[in-house]
Amino acid sequence: MTTSVYIHLPFCEHICTYCDFCKMFYNEELCSKYLDSLEIEIKNNYQGEKIKTLYIGGGTPSSLSIDNLKKLMKIIKIFQIDKDYEFTFEVNPENITKEKLLLLKENGVNRISMGVESTSLKHLKYLGRFHDFKLVKEKIKLIKELGFSNINVDLIYALPHETINDLKKDLDNLLSLDINHISTYSLEIHNNTILGIKKEKNISEELDREMYEVITNTLKNNGFQHYEISNFGKDNYYSRHNLVYWHNEEYYGFGLGASGYYNNIRYDNTKSINSYLNGRYILSKEILSKKDKISYELILGLRLTKGINKQDFFNKYHEDIEGLYNIKELIDKEYLILDNEYLKVNEKYLYVENNILENFID
Amino acid sequence: MIKQENIRNFSIIAHIDHGKSTLADRILEITNAVSLHDSKNQMLDSMDIERERGITIKLNAVELNYHYNNEDYILNLIDTPGHVDFSYEVSRSLAATEGAILVVDAAQGIEAQTLANLFLALDNNLKIIPVINKIDLPNADVDKVTKELVDTFGFNEDEIILTSAKNGVGIQELVEAIIERIPSPKGSINNPTQGLIFDSLYDSYKGAIIMLRLMNGEIKAGDKIKLMSTNAIYDVTEVGVYTPNIKKKDKLVCGETGYLWGSIKSVSDVQVGDTVTVIGKEATSMLPGYKPMKQVVFAGIYPTETNKYNELRDALEKLKLNDASLSFEPETSHALGFGFRCGFLGLLHMEIVEERVMREFKIDLIATSPSVIYDVKLTNGENIMIDSPQKMPDRVNIASISEPYIKTNIFTPSEYIGSIMELCQNKRGNYLNLEYIDSKRVIIHYELPLSEIVYDFFDKLKSSTKGYASFDYELIGYKENDLVKMDILLNGEIIDALSTIVHKDFAYQRGKVVVENLKKLIPRQMFVVPVQAAIGSKIIARADIKALRKDVLAKCYGGDVSRKKKLLEKQKEGKKRMKNLGSVVVPQEAFLTVLSNEEISDN
């Protein structure tokens with residue numbers, strides 16, 4: 001049963017230097033047409049399930065004008081929402097306003113994810129962001145005042161020239177916001193981004209790793225659980241929507257460049273706005289065999305620090321997890337750890353787990 | 001039938017890139033062997049790899065017709081390979097002719113390759129027609145090259161023909177010079193039959209096809225022939241010529257060049273340089289110049305995926321059907337599993353075979369660093385020949401080790417003498433002498449251990465002379481040296497396939513470079529990997545590969561999970577070209593880098 005929905009809004013007021021997601025400059029009219037097409041896509045595909053997690057991401061969803069935001073919220077009404085639901089909306093500090101937040105609140109949004117990325121002006125400039133930490137504090141205060149209690153902020157670290165002290169300062173600042181979820185990302189430099197074109201180079205593996213450990217220790221010491229490689233949440237505030245991904249459960253993906261998983265098929269939507277506006281939504285499909293599903297289950301589940309529940313795995317696939325691939329050998333080498341309940345990656349190797357996960361690819 | 005005095009057999013001698021194939025194409029066109037319209041460029045090179053590398057590996061012969069001064073002539077063009085690895089084949093195809101066209105590039109002048117092959121031609125008493133080609137080039141210097149030809153070889157200026165094969169200039173003059181200047185074949189149809197084998201091809205229906213030149217007598221379908229080096233007897237099914245299309249004939253007679261096939265299964269039964277005779281008209285002696293094939297470079301070839309061993313054997317067997325100079329036998333390595341020890345005529349030959357296995361048979365390979373054959377004298381007085389460092393006996397049992405040496409002919413503008421001598425010195429060379437061709441060009445002769453040139457000598461020579469120097473060599477025998485086996489240990493384990501034989505005085509330096517290079521080439525693993533070089537039980541160099549500290553953690557943003565999977569697939573694909581040696585994943589390049597004595601740069 002599919003009970004999750006991701007909706008992609010590819011519009012931004014500025015293009016960040018590191019961003020290689022599907023995005024374009026905001027334009028009122030184009031966005032309105034886009035929403036029309038989105039509505040058709042949803043109506044054509046949504047089968048009426050009760051939705052438990054809904055996530056609106058981008059791009060910059062908060063860049064929409066109040067009119068287009070209203071239009072979007074009307075479209076959301078198509079979905080049957082479960083009583084116990086999580087509805088996340090991504091915002092940027094510079095364009096989220098009281099008016100927009102009230103509208104979101106009215107329409108049931110109960111989780112806000114803010115792209116803070118850094119609290120240093122120098123680093124924000126490097127990333128192509130147009131806010132400062134003062135604005136972040138104001139906006140978080142506003143969000144809380146309007147009654148949102150489930151708040152995530154994103155942090156990007158391992159920027160060229162960033163020091164451990166810079167990072168510690170960022171972490172202190174984020175902690176001072178008194179929020180309950182932090183997603184952290186080591187900066188990736190992709191070819192098709194501004195940083196990639198400038199041929200920027202990543203910091204050393206050693207420093208990157210040290211930063212990861214500083215983050216993990218600092219956040220753990222401040223009441224956050226390290227529940228996924230790069231995600232930290234306080235008890236009861238883990239991202240339910242993202243857990244759907246890690247648990248290899250199905251979800252609808254709507255919008256330009258979105259990905260979804262429905263009826264044993266993983267699909268990717270087109271990244272061409274023209275195709276999308278003309279109703280040619282899907283770009284590619286992968287029909288999953290049992291073997292593929294097991295492969296995904298391992299690749300995704302082992303991102304969670306808790307790992308994969310053995311019994312759940314058996315119930316789903318009727319196979320013992322430790323008998324698959326070379327899992328026994330990986331346990332012997334102590335790359336994986338198996339206890340009575342869970343199979344997980346040895347914490348020591350979590351940050352290099354691709355070398356473990358590649359074993360589960362055919 | 002054409003008169004024997006109206007037959008001309010000739011070949012073309014040229015350095016790589018001096019335009020031999022294009023010139024051959026133009027000659028084919030003017031004799032109407034191929035029309036301009038349907039001629040693919042460079043008819044004579046038939047394999048893709050040859051075309052890509054701009055070199056000719058397999059020989060071919062084409063019969064051409066030309067009407068001149070009211071007479072019909074047959075011109076047989078015999079193609080020659082252009083690389084030093086194949087100099088024996090060149091000498092045999094030259095022996096099948098009475099004359100040769102010497103092609104020199106109007107911009108670049110004479111090069112070592114040209115010289116070497118020209119000397120082979122002169123050894124065979126061939127009539128040489130000097131040609132300066134590419135006169136259309138903007139930087140052509142016809143006067144300078146003319147002077148070179150006159151000064152170096154004593155040609156008369158008026159003998160030299162100027163051509164631009166690209167534009168078809170001078171081709172008719174050249175074809176007529178072939179008729180006028182190159183003598184007609186000697187020998188007689190009435191003598192006992194002697195045919196010189198200068199090449200063989202493999203055809204899956206016909207078996208081995210022999211390319212030969214009739215020096216005496218005749219051969220026709222239905223004859224029983226004998227290959228004189230082995231006394232093996234075969235039935236002839238068909239004889240004919242290539243025009244370049246196949247043209248069946250009743251018989252091949254004295255003076256002619258063509259093909260024959262019959263009951264010969266494999267080209268390894270056919271030796272280049274051997275003499276074919278006919279039972280009933282049997283010759284009493286072989287034609288001169290026959291030498292059995294000799295491989296000089298050996299390397300282990302292993303499938304990256306161990307279950308491809310049988311496929312690799314099939315591939316090598318198939319290649320051997322049309323490449324008699326390839327040898328192979330099964331070999332086992334602790335590190336690499338089951339594979340084959342292969343023998344090659346030289347490094348280029350080795351590269352071609354490896355590339356063909358990968359390309360035509362789609363088998364990923366790990367090739368060990370190439371080795372020469374060492375002559376090892378044991379303390380018990382026994383002598384053994386060792387073609388692989390892995391087979392080197394225990395040090396206590398070795399009295400002495402000798403290694404093969406070559407003599408170089410390095411042809412270079414004189415300003416590079418210094419850098420070439422430095423290069424040869426670093427390669428353990430002994431200086432012999434220097435010959436001045438003219439005021440600006442010299443030939444440098446060195447004695448070098450063959451093992452020192454199998455790796456990167458050619459590249460180094462090119463880079464230290466801006467590409468101006470050219471090089472060929474001949475084997476001159478064995479010399480005793482203070483040689484030792486250097487082992488490489490990864491994570492404490494000796495990796496047999498990485499062992500090399502080195503000179504004791506160079507061992508420390510070489511060991512240091514090799515471990516540093518391996519450190520750079522081998523990707524970080526989940527744990528620290530010590531890389532060590534050892535002689536016997538003594539560690540002479542060490543470097544540690546740091547443990548992997550960080551992965552690329554694709555974000556899986558918006559549920560884009562397939563992207564994560566694609567990343568892992570890519571990572572895994574990258575490792576396919578690598579090999580698990582014990583607990584360490586090692587890329588293919590590592591096996592060649594053990595021969596380098598220079599540190600590779602960081603990027």
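**Close-ups of a predicted two-chain model**

In chain A, the centres of domain 1 and domain 2 sit 30 Å apart, going by C-alpha atoms. Keep in mind that this is a predicted model.

**View 1. Chain A is split into two assigned domains.** Domain 1 covers residues 4-245, and domain 2 covers residues 307-362. Between the centres of these two domains there are 30 Å.

**View 2. Three strands of chain A make an open sheet.** Read across the sheet and you get the order 15-17-16, with antiparallel pairing. Strand 15 (308-309) and strand 16 (336-338) are the edge strands, and each has a single partner, so one side of each has no neighbour in the sheet. Now zoom in on strand 15 and strand 17 (residues 342-345) of chain A: they pair in the antiparallel sense over 2 bridges. In one of these strands, strand 17, A:Tyr342 is the bridge partner of A:Asn309. What holds paired strands together in general? Strands of a sheet pair through backbone hydrogen bonds.

**View 3. Here is chain B as a whole.** Chain B has 14 helices and 32 strands. Its C-alpha trace spans about 85 × 70 × 55 Å along the principal axes. A compact globule of 603 residues would have a radius of gyration near 25 Å, and chain B has 27 Å, which agrees.

**View 4. Two helices of chain B cross each other.** Helix 7 (residues 309-321) packs against helix 8 (residues 347-361) at an angle of about 115°, and their axes are 10 Å apart. The crossing is right-handed. Which residues meet here? From helix 7 of chain B come B:Glu311, B:Leu312, B:Ala315 and B:Leu319, and from helix 8 of chain B come B:Val353, B:Arg356, B:Val357 and B:Phe361. Sorted by class, this contact has 6 nonpolar residues, 2 charged ones and no polar ones.

**View 5. Strand 24 of chain B pairs with strand 22 and with strand 23.** Strand 22 (residues 398-413) and strand 24 (residues 441-449) of chain B run antiparallel, paired over 7 bridges. Look for B:Ile410, whose bridge partner in strand 24 is B:Ile444. Strand 23 (residues 430-436) of chain B also pairs with strand 24 in the antiparallel sense, over 6 bridges. There, B:Glu435 stands opposite B:Ile443 of strand 24. Strands 23 and 24 of chain B form a hairpin, with 4 residues between them.

**View 6. This is where the two chains touch.** On one side are 21 residues of chain B, in contact with 35 residues of chain A.

Definitions and conventions. Residues are numbered from 1 along each chain as its sequence is written. Chains are lettered from A and ligands numbered from 1 in the order in which they are written. This is a predicted model: local features need pLDDT of at least 70, side-chain atom pairs count only at pLDDT 80 or more; totals for chains, interfaces and linings use all residues. Two strands pair if DSSP finds at least two bridges between them. Domain bounds come from an automatic or database domain assignment. Axes are lines fitted to C-alpha atoms, for helices over the stretch in contact, and angles run from 0 to 180 degrees between N-to-C directions. A crossing is left-handed if the near helix is turned anticlockwise from the far one by less than a right angle, and right-handed if clockwise. Two residues are in contact if their C-beta atoms, placed from the backbone, lie within 7 Å. Ala, Val, Leu, Ile, Met, Phe, Trp, Tyr, Cys and Pro count as nonpolar, Asp, Glu, Lys and Arg as charged, and the others, Gly among them, as polar. The radius of gyration is taken over C-alpha atoms; the globule rule is 2.2 Å times the number of residues to the power 0.38.
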